[in-house]
Amino acid sequence: MSEAVGTDGIVGRGNNDGARLFREWFQELGAAAEAGRPSAYVFVMGSLAELLRTFDLPVVFPEINSLQTAVRRAAHEYLDQAEDYGYSPDICGYVKADVAAQLRGGELPMGRIPKPAIAVYTNACNTYIKWAEIWERMYGIPVFTLDVPGTRSEGGQTWPGDADFEHDRRYVEAQLRELIPVLERVSGVRFDVDRLREAMGHTNGLVRGWKQVLALNASRPSVFNALTDGTIYLGMANCFRGAAAGASYFTDLVEEMTYKSAHGIGTLTEEAWRLLFVGVPCYPIFRRFSELFTEHGGTFVGSTYLNFASGGANFGHEYDLARPLESLAEGLLIGVRDAMDNMFHQTGPLVGMVDDLAADGVVFHPIKSCRTVSTGLADSRRALQAERDLPSLFIESDMMDRRVVSEAQLKNRIDAFFEGLASRRAQAAVPRAAAPPTA
Ligand code: SF4
C-alpha cells in the first residue's frame, strides 16, 4: 500500500537520499577504522556532534549501530556472544550488541567502526553511564559525563530568562568549557570557535527542517509514516547533525513533504486510521511490524520516539551564533530536557500530538530491554485516557531480541485493536435516538 517513488522526482527522495547518505557515512567510519583514526563515541540524546566535528573526530553512534544489527536480522548473533561473555539477558540489547561488536574488532553487518578515543555523553539515560564504563575498561579512554539537569516536574521545563534556567545553563556551559581541553588533548586539534559556529549553523538548518517535517504530518492523508520513514529521517537528524549535508537533506525533505501535502499524496492508498506510537520500535521485524498496522489502513502520524531519540531536535531550538558556547549549552539543556520529558512525562507531548495530528488511537510499545523508556508506560496510558477519550493498544516485544518477539501474538492483539476502532467509529456514526417529547 506504499506510495510509489517517482512523482516529479520528489516523492520518495528523502528515503532514497537517506539510504545513500547513511551508506556514505558508514563508509567514512570504515575508512577511519582502517586508518586507525581516533573517534568519539556518543549517544543520540545530547550527542554534541557540532562540537566534536570541530576537532575532526568521526562520531560513532553505538545505539544506531546496534539497532542496525536487528534490522539486518543479525542481532541474535551479537546478543548471544555478549551473553556468553557474561552479560545478562535482561540488560539493554543495544549495549550487548555493541559489546559483541567491540569483541569482534568493530565488525558490524554494515561495515567496521573505529575504536573510541573518547566517549562523550549525557545523563539522559542511566544506561549511557554504565555503557561508557565498558569502553573505559576495554580501551582505557577518557569518558566525559555531561550532567544535564532535567525538568523538576511534568511540564516544568524552564526557559531562557528564567532564573532557574540561567543557573542550569551556566552549569552545563561550565562542563562544556571543561570538555574542550580534553577534546584538544585527545584529538591533537586546537579548538576553533568559528568552526563551531559553522557546525552550529548547519544544525540550525537541520532542526528547522525536522520540526517542519514533523508538523507537515498533520496533513490528511499524512505524508510520512512516523514508524518507518520517520526512522530514516531520525537517522539523518542524528548522524548528520552539525554537517552541511544534514541541513540540505532536511531542506529537501521539507520540499518533498510540502509537495506531498499540496498534492494529497499519502503513505497509504487509503488512510483509515491515524495512530501515534509510544516507545522504541520493534527492530527485529521492523517492516513486518509496521505492515501489521498498514494492512488495516493504519499509519503512524507521530511518535514520541522521533522526539526523544533525536535528542529533542523536534523542538527546533536554534542556536544564537553570536554567543556559541553559551548557546550550545542552552540548546543542550532544552533539547535533552525535551528528550527526557518525552520518555518520562509523555502525557503532555502525547496530548499535543493527539490534537495537532488528529490521531484516532495510540499504540504503547514497552520493550523488555529498555527500562528507561518502558517503565511507567502503563501509568502513562491511564494518564492519557484521563485527558483524551482515545482508544489505545498496549503491546510488548523488544527492540533487539527476537526471542521475545512473537509476530502471531502481536497480530492477534493488533487485529483486535482495529476491530475495536471500527466498531467505535460505527457506533459514533449512528445518529442518537430523538429525545422523547417532554410536554
Ligand atoms: S534509552 Fe533504552 S535503549 Fe537507549 S541506551 Fe537507554 S536503556 Fe538502552
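**From a strand pairing to the enclosed elements**

Author: Tyr 41 has Val 60 as its bridge partner in strand 2. The model is a predicted one, in which local features require pLDDT of at least 70 and side-chain atom pairs count only at pLDDT 80 or more, while totals for chains, interfaces and linings use all residues. Residues are numbered from 1 along each chain as its sequence is written, and side-chain values use heavy atoms, with hydrogens and water left out.

Strand 1 (residues 39-41) and strand 2 run parallel and are joined by 2 bridges. Strands (E, at least two residues) and helices (H or I, at least four) are DSSP runs numbered from the N terminus, and two strands pair if DSSP finds at least two bridges between them. These strands belong to an open sheet of 4 strands in the order 2-1-5-6, paired in parallel. Its edges are strand 2 (59-60) and strand 6 (143-146), each of which pairs on one side only.

Ala 49 is located in helix 2 (residues 49-53). With a relative accessible area of 1%, Ala 49 is buried; buried means under 20% relative accessible area, exposed over 50%, and partly exposed in between (1.4 Å probe, protein chains only).

Helix 4 (residues 75-85) has buried residues Ala 75, Tyr 78, Leu 79, Ala 82 and Glu 83. Viewed down the axis of helix 4, they fall within an arc of 130° and therefore line one face of the helix; the arc is that of the directions from the helix axis to the C-beta atoms. Asp 84 and Tyr 85 are exposed residues on the face turned away from that buried side. The buried residues of helix 4 pack against helix 3 (62-71), helix 5 (93-103) and strand 3 (107-108), where contact means heavy atoms within 4.5 Å.

Elsewhere, strand 7 (residues 273-279) has 7 of its 7 residues buried, so it is largely enclosed by the rest of the structure. Strand 7 pairs in the parallel sense with strand 8 (residues 298-303) over 5 bridges, and Leu 275 has Phe 300 as its bridge partner in strand 8. Strand 7 also pairs in the parallel sense with strand 9 (residues 361-365) over 5 bridges, where Leu 276 has Val 362 as its bridge partner.

Strand 7 and strand 9 are among the elements that cover the buried residues of helix 16. Those residues are Leu 377, Ser 380 and Leu 384. Seen down the axis of helix 16, they lie within an arc of 50° and so line one face of the helix. The face turned away from the buried side of helix 16 carries the exposed residues Arg 382 and Ala 386.

Ser 380, in helix 16 (residues 377-387), counts as buried because its relative accessibility is 5%. Leaving aside residues up to four places away in sequence, Ser 380 touches Gln 346, Thr 347 and Phe 364.
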